[in-house]
Amino acid sequence: MTSLTRFTETLQGSPTDRRCCMPLVFGYAANAAGISLKDALTKAEALASSQLLAQKLFGYDAVYVYGGSVLEVESLGAPLVFPKTDYPYLDPDYRPGNLNERLDQPLPDPTRHSRMPILLQAAKVLRQEIGRQVPVVGVVTGPVTVAAQVLGLETMLLLFVEQPERIQSYLEKITILSRNLALALLEAGAHGIMIMDPVSSQSIIPLRLFRQFSLPWLRKIFQSCREAGALTCCLTITGKVGDFLPLFPDTGADMVTLDYEVAMDRAFQQLPETVVQGNVRPFDFVERGPDDIRNECLKLLRLAENRRGYILSAGCELPLNSKKVNVEAMMSVV
Amino acid sequence: MKDLNTEAAKAGTDELVAAIANGENIEAVVLAQKLLDLGLDLETMVEAGPTKALESLSNKCNNDEFCLLEILLAGRAMMDVMEQVVSQHAGFAAMVEAQNRPAFVLGTIKGDMHDLGKNVVAMMLKLEGYRVIDLGKDVEPERFVDAAVKEQAGYIGVSSLITTTIPSVRKVKELAAQAGLTDVKVLAGGAVLRQAEPQQLNVDFVAQSVFHLLRYLRGESEAET
């Protein structure tokens with residue numbers, strides 16, 4: 001089976017030759033491939049090459065098109081700092097404008113503005129180069145997370161309580177940006193879309209606010225992706241999400257990534273029809289050795305023995321300073 | 001009315017605890033002031049109001065039922081009570097002196113720009129009576145130690161959400177030892193650091209949450225007395 005067939009069969013709940021393994025190798029691909037991370041985030045060829053080389057090196061079952069968690073907020077005009085060996089972050093001098101200004105601001109076009117066209121070009125190259133064998137997954141940031149970056153997390157959280165209608169209007173606007181980027185990635189060649197939405201975690205907002213402010217917009221994006229022919233709609237919310245699990249199918253996701261803080265047996269029980277991937281502790285790829293990783297993976301595989309809809313993965317993105325031997329150890333058990 | 005031995009005082013403090021826990025800051029300030037106006041002494045009001053509310057949040061945290069937003073709202077209500085009512089009271093200086101908490105140097109380590117979690121920790125530490133020296137974000141390990149020397153701190157708290165900062169986290173205790181601060185405890189927290197064991201980070205304690213940190217500090221404080 002090719003990785004693409006293996007992944008497709010897993011989504012359909014059909015048997016596969018071996019367990020699908022899709023660690024979230026985003027920026028780490030550049031480090032593994034010996035390419036500058038900054039280049040991989042600013043040049044389409046470098047992004048595509050790093051993904052191709054890392055996938056070839058380890059043999060896992062997906063490649064990713066990811067521009068960092070601040071891609072969308074950058075496209076909305078926020079200045080970034082690009083460190084040499086780490087992801088870009090918001091300039092510390094950045095002061096969020098008020099909500100009224102933000103609501104009036106025109107939305108950027110993914111095909112023309114900021115670094116988004118670079119991602120679209122990388123998706124195109126990856127589809128051409130490897131897309132018949134390996135799924136290409138485009139990654140976008142969830143509206144709640146983007147809004148938290150634009151407005152400041154504390155400000156956004158207080159707006160949830162004090163001005164729910166106004167923040168909802170803003171989330172609706174951001175949803176259009178996330179959706180347009182997702183659709184452009186699919187159009188460029190991505191097979192599926194992953195929404196990363198770390199701020200929609202149970203550690204940050206309670207269930208009722210997830211239902212009110214996250215779920216409707218996630219559903220809207222995934223619905224558009226489905227209509228555009230996406231092979232998969234994957235939801236990735238890092239941290240604790242145990243209480244949110246029953247709501248995840250309502251987002252329209254057919255696949256979810258779960259972090260190490262979520263009990264997988266509970267997830268398997270509560271998400272019978274959804275493909276679940278996870279949840280090796282990301283930190284262990286940095287600090288522990290291959291035996292530990294192998295043992296953690298084997299434990300997960302045993303737990304998922306009777307479940308077809310399971311993909312071995314880390315609970316979140318592989319850290320940039322992960323050890324190669326640990327990724328190899330993960331692959332050695334599938 | 002000097003203590004809680006009246007129904008009015010009990011009902012009033014219960015209302016105050018509920019207002020704080022629900023994040024109703026304006027109501028909490030009014031209720032706290034009302035209790036003092038009724039004659040409840042300052043220390044009893046703080047103990048039965050903000051401190052009890054903090055404990056109820058801590059219990060929720062133990063059951064994994066808390067979230068940042070709730071802590072933020074309750075913390076804001078507590079802070080408003082402390083700033084607008086407690087610190088304005090004539091007995092405030094004596095109360096702080098009696099607590100005799102050491103200074104706590106706090107910051108997000110070099111290479112990390114996240115600071116909301118750290119800000120929540122700073123707020124909670126202040127409510128516990130610590131003098132917090134908040135160095136902000138993207139802080140060099142040396143600055144933690146310099147501040148600890150200058151402020152004669154008892155604790156250094158390091159926060160991070162990024163694995164690439166770990167080498168800098170490890171340096172803090174080493175630098176503190178070089179500066180002769182062998183009694184200063186170095187504590188770590190934040191989404192990434194809490195995945196680690198203390199020895200992996202070369203720190204004395206890794207906090208899983210702000211309440212885990214407060215329990216540790218209370219244990220330390222009891223051990224000293």
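1. In this predicted model, B:R76 and A:E162 are joined by a salt bridge across the two chains, with 3.0 Å between the closest N and O atoms. The interface of chain A and chain B holds 3 salt bridges according to the rule applied, and 9 residue pairs are counted in polar contact between the chains, with both residues at pLDDT 80 or more.

2. On the side of chain A that touches chain B, the elements giving two or more residues are α9 (153–162) and α13 (284–287) of chain A. The most is given by α9(A), which supplies 6 residues to that side. By residue class, this side of chain A divides into 16 nonpolar, 8 charged and 3 polar residues.

3. As to the extent of the interface, 27 residues of chain A are in contact with 23 residues of chain B. The area buried between the two chains is about 2,200 Å², and carbon and sulfur atoms give 57% of that area.

4. A separate point concerns A:G142, which is found in the loop between β4 (136–141) and α8 (143–151) of chain A. The residue counts as buried because its relative accessibility is 0%, under the 20% cut-off that defines the class.

5. Leaving aside residues up to four places away in sequence, A:G142 touches A:S178, A:I195, A:M196 and A:D197. The C-alpha atom of A:G142 is separated by 13 Å from that of A:C233, a residue 91 residues apart from A:G142 along the chain.

Key
Residues are numbered from 1 along each chain as its sequence is written. Chains are lettered from A and ligands numbered from 1 in the order in which they are written. This is a predicted model: local features need pLDDT of at least 70, side-chain atom pairs count only at pLDDT 80 or more; totals for chains, interfaces and linings use all residues. Side-chain values use heavy atoms; hydrogens and water are left out. Contact means heavy atoms within 4.5 Å. Buried area is the accessible area (1.4 Å probe) that two parts lose on being put together, summed over both. A salt bridge is a side-chain nitrogen of Lys or Arg within 4 Å of a carboxyl oxygen of Asp or Glu. A polar contact is a pair of N or O atoms within 3.5 Å; within protein, one must be able to donate a hydrogen and the other to accept it, and residues adjacent in sequence count only if both atoms are side-chain atoms. Helices (H or I, at least four residues) and strands (E, at least two) are DSSP runs, numbered from the N terminus. Ala, Val, Leu, Ile, Met, Phe, Trp, Tyr, Cys and Pro count as nonpolar, Asp, Glu, Lys and Arg as charged, and the others, Gly among them, as polar. Buried means under 20% relative accessible area, exposed over 50%, partly exposed in between (1.4 Å probe, protein chains only).
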